[in-house]
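Please look over the sequence and the model before reading on.

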Amino acid sequence: MFEQDVVFFERIKKERIKRQKIINSGNRLQESNLMGISKVFDEYYFLTKLQLYCAYLSHSKIINPEMLDYSSEDFLLIREIIHLVEAKKLWTPQIQIYNQLRKLFEKIEEASPSSDTQYQNVLGLINDHAASLTSRDLEEIYSFLANYCIRRLNKGEKHYGLNYFLISIKLLGLQYQVKKKKKKVLPGIVFRNMIVSALKLKESSVFSTLDGKDLSLSGSDARFADAYEWIEAFMKVYAPKLDHKEQKLYVPYCQALVAFDQRKFARAYKVLKNPLRQRGVFVNMNIKVLNLKIIYEINATKPSILAFDEVEVGKVLEAFRGLLRDENKRKNELNYQIEFYTLFEKLFRKLFRLYNNYQGLLYNSQDTRFVQEKKELKDLIENTHFPYKKWFLEKLEEIK
């Protein structure tokens, strides 16, 4: 039984005992606590229905509406409950918070200023009433907010990256750092997403505001100079919480991501060397992508490293294409992701060919063939919408 249910059942029991004592006293002139019992039931029912409705909104508007074979109208009395809550007929801190969450999700298609205000309203309520919320309450609320931030990010509102990052820190602390809690295994994709989020925020001043307690490092007063220092501390705390198999996969991958972001390409290459012996985890595709980007940079800066290891970029590309074919056969439900990585392979091949054909040559700007090929590739890259677009454009502009 969930903690919230236990609390309410105890309250209901207490009100029932109070009623029974009045009845047993034989005092017919004393009200027998009918309203006391009714109010607890109302609070429990209203809160539970709002929680379920918010979960429904999260799934239908954020995750995958096709998974559900019911609609909002199937939540009986939910409109009546919302009306009574809005009229402040029942107005507890928990009910206030879930009602504001409900508004947040129902207005998810509205313009950013409106959503920003509503988001801050929810955070304000949580901070004001944190003492009255259980850890399970907070986990659920922060999970909803994290999903909401992801949706706003997917709509192109990049400033929600900071919101997602800060909420995720709180959520991870609740889920994996609370004492006396059964040890939980941290999913590798969550570990990776936190590091990617931090790297995207590396220009932000947020890291100077975080300390060891923000990262759930008990007793630490350390401040973080930048994103890289925070990531290092994060990995020390959370890498051991990964499943052993995922540790071997995600830790070197994330270390290489950081090194690549720092333009320490040789280190990234060394960390990620021969990473793809494992199968069955789709992150392998992301590792392959990173591996290709690292190899491209090494080829442009220290090609002797590739020569020493007898690494041929063309063969690595063919291995990548082979992995795409393999994944496509085994995971038809991931066709949209296959298309994403297929596009990466296509652009990478064209970029690498252009580099090999023209890099270091004189008078490229006067070569009509070079100018045309570069323009065609630039147009192709600019017409895409995926995370590697910026890197491709940077590499293309370096070919002169």
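Where is Asn33 found? Asn33 lies in the loop between helix H1 (3-25) and helix H2 (34-63); helices here are DSSP runs of H or I with at least four residues, numbered from the N terminus. The model is predicted, so local features need pLDDT of at least 70 and side-chain atom pairs count only at pLDDT 80 or more, whereas totals for chains, interfaces and linings use all residues. Residues are numbered from 1 along each chain as its sequence is written, and side-chain values use heavy atoms, with hydrogens and water left out.

**Loop residues**

Although Asn33 is not a glycine, its phi is positive, at about 65°. Asn33 counts as buried, with 9% relative accessibility (buried means under 20% relative accessible area, exposed over 50% and partly exposed in between, with a 1.4 Å probe and protein chains only). Lys88, in the loop between helix H3 (78-86) and H4, is a residue other than glycine with a positive phi near 60°. Lys88 is exposed, its relative accessible area being 56%.

**Helix pairs**

Two helix pairs are set out below. Axes are lines fitted to C-alpha atoms, for helices over the stretch in contact, and angles run from 0 to 180 degrees between N-to-C directions.

| Pair | Angle | Axes |
|---|---|---|
| H5 (residues 112-129) and H7 (residues 160-176) | about 15° | 13 Å apart |
| H4 (residues 93-106) and H6 (residues 135-154) | roughly 15° | within 11 Å |

H5 is therefore roughly parallel to H7, a term for angles under 35 degrees. The contact (heavy atoms within 4.5 Å) involves Ser115, Asp116, Tyr119, Gln120 and Leu123 of H5, together with Tyr160, Asn163 and Ile167 of H7. These residues divide into four nonpolar, three polar and one charged; Ala, Val, Leu, Ile, Met, Phe, Trp, Tyr, Cys and Pro count as nonpolar, Asp, Glu, Lys and Arg as charged, and the others, Gly among them, as polar.

H4 is likewise roughly parallel to H6. Residues of H4 in this contact include Ile97, Tyr98 and Leu101, and those of H6 include Ile141, Phe144 and Leu145. The contact of H4 with H6 has nine nonpolar residues, one polar and two charged.

**Nonpolar cores**

A nonpolar core is a set of buried Ala, Val, Leu, Ile, Met, Phe, Trp, Tyr and Cys residues joined through side-chain atoms within 4.5 Å. The largest has 75 residues, and Phe191, Phe207, Trp230, Phe348 and Phe392 have the most contacts inside it. A second, separate core of 45 residues includes Tyr56, Leu57, Tyr142 and Tyr160.

Definitions and conventions: Helices (H or I, at least four residues) and strands (E, at least two) are DSSP runs, numbered from the N terminus. Angles under 35 degrees count as roughly parallel, over 145 as roughly antiparallel, 65 to 115 as roughly perpendicular and the rest as oblique.
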